[in-house]
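Trainee: I would like to learn how to read this model, feature by feature. Where do we begin?

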Amino acid sequence: GFLHYTVTDCEFNSSKLNDIEYTQSYYYNKLEIVRFSSSVGKFVGYTEFGIKNAESWNNGQEVITRRGEKERVCFHNVGVDVEAALTKS
């Protein structure tokens with residue numbers, strides 16, 4: 001069989017909200033094919049199939065939706081994540 005999965009990540013490298021990076025990566029058989037990064041602001045393809053998907057997604061509603069995910073997912077959870085880290089240290 002084939003394995004397809006998506007990894008969504010918020011990287012908190014500083015206490016400033018603008019320094020948070022949201023990424024969503026799409027994998028097929030352990031190979032990353034497409035990634036959205038909030039610092040780049042668009043999808044980037046890493047394989048022939050991924051490049052075709054990235055071009056299509058960058059010209060559609062998908063890229064607009066992903067640009068809002070940084071605020072919806074990362075900003076919403078930054079307080080929870082920081083509080084959890086401080087209580088464990």
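Trainee: Is Asn29 buried, partly exposed or exposed?

Mentor: First, the ground rules. This is a predicted model, where local features need pLDDT of at least 70 and side-chain atom pairs count only at pLDDT 80 or more, while totals for chains, interfaces and linings use all residues. Residues are numbered from 1 along each chain as its sequence is written, and side-chain values use heavy atoms, with hydrogens and water left out. Now the scale: buried means under 20% relative accessible area, exposed means over 50%, and partly exposed lies in between (1.4 Å probe, protein chains only). Asn29 is partly exposed, because its relative accessible area is 36%.

Trainee: Where is Asn29 placed?

Mentor: Elements come from DSSP: helices are runs of H or I with at least four residues, strands are runs of E with at least two, and both are numbered from the N terminus. Asn29 sits in the loop between β2 (21-28) and β3. Lys30 is in the loop between β2 and β3 too. Lys30 is exposed, at a relative accessible area of 72%.

Trainee: How do β3 and β4 run, and how many bridges join them?

Mentor: Strands count as paired if DSSP finds at least two bridges between them. β3 and β4 run antiparallel, with four bridges joining them. One partner pair is Phe36 with Phe43 in β4. The two strands form a hairpin with four residues between them. Gly41, in the turn, has a positive phi of about 85 degrees.

Trainee: Which residues does Ser38 contact, beyond its neighbours within four places in sequence?

Mentor: Contact means heavy atoms within 4.5 Å. Ser38 touches Ile20, Glu21, Tyr22 and Lys70. Ser38 lies in the loop between β3 and β4. Its relative accessibility is 23%, so Ser38 is partly exposed. Its C-alpha atom is 6.4 Å from that of Thr23, which is 15 residues away along the chain.

Trainee: Which residues form a nonpolar patch on the surface?

Mentor: Patches take residues with over 30% relative accessible area and no salt bridge; like charges are joined within 9 Å, and nonpolar side chains (Val, Leu, Ile, Met, Phe, Trp, Tyr) within 5 Å. Areas follow the Shrake-Rupley method with a 1.4 Å probe, and for residues only the protein chains shown count as cover. Here the patch is Val40, Val44 and Tyr46, with about 250 Å² of accessible area together. Val40 is in the loop between β3 (31-37) and β4 (42-45). Val40 is partly exposed at 49%.

Trainee: Which residues of helix α1 are buried?

Mentor: In α1 (residues 48-58), they are Gly50, Asn53 and Ala54. They lie on the same side of α1, because they cover an arc of only 105 degrees around the axis. That arc is taken from the directions from the helix axis to the C-beta atoms. The buried residues pack against β3 and β4. The face turned away carries the exposed residues Glu48, Lys52 and Glu55.

Trainee: How many salt bridges does the structure hold?

Mentor: Side chains of opposite charge can pair when their charged atoms come close. The cut-off is a side-chain nitrogen of Lys or Arg within 4 Å of a carboxyl oxygen of Asp or Glu. The structure holds three. Arg35 pairs with Glu32, with closest N and O atoms 2.8 Å apart. Arg35 is partly exposed at 30%, whereas Glu32 is buried at 15%. Lys52 pairs with Glu48 at 3.8 Å, N to O. These two are four residues apart in helix α1, so about one helical turn separates them.

Trainee: Which residue does Arg72 meet in a salt bridge?

Mentor: Arg72 meets Glu69 at 2.8 Å, N to O. They are three residues apart in helix α2, so about one helical turn lies between them. Arg72 is exposed at 55%, but Glu69 is buried at 12%.

Trainee: What else is Glu69 in contact with, leaving aside its neighbours within four places in sequence?

Mentor: Tyr22 and Cys74 are its contacts. Glu69 belongs to helix α2 (residues 61-88). Glu69 and Tyr22 are 47 residues apart in sequence, yet 7.4 Å apart in space, C-alpha to C-alpha.
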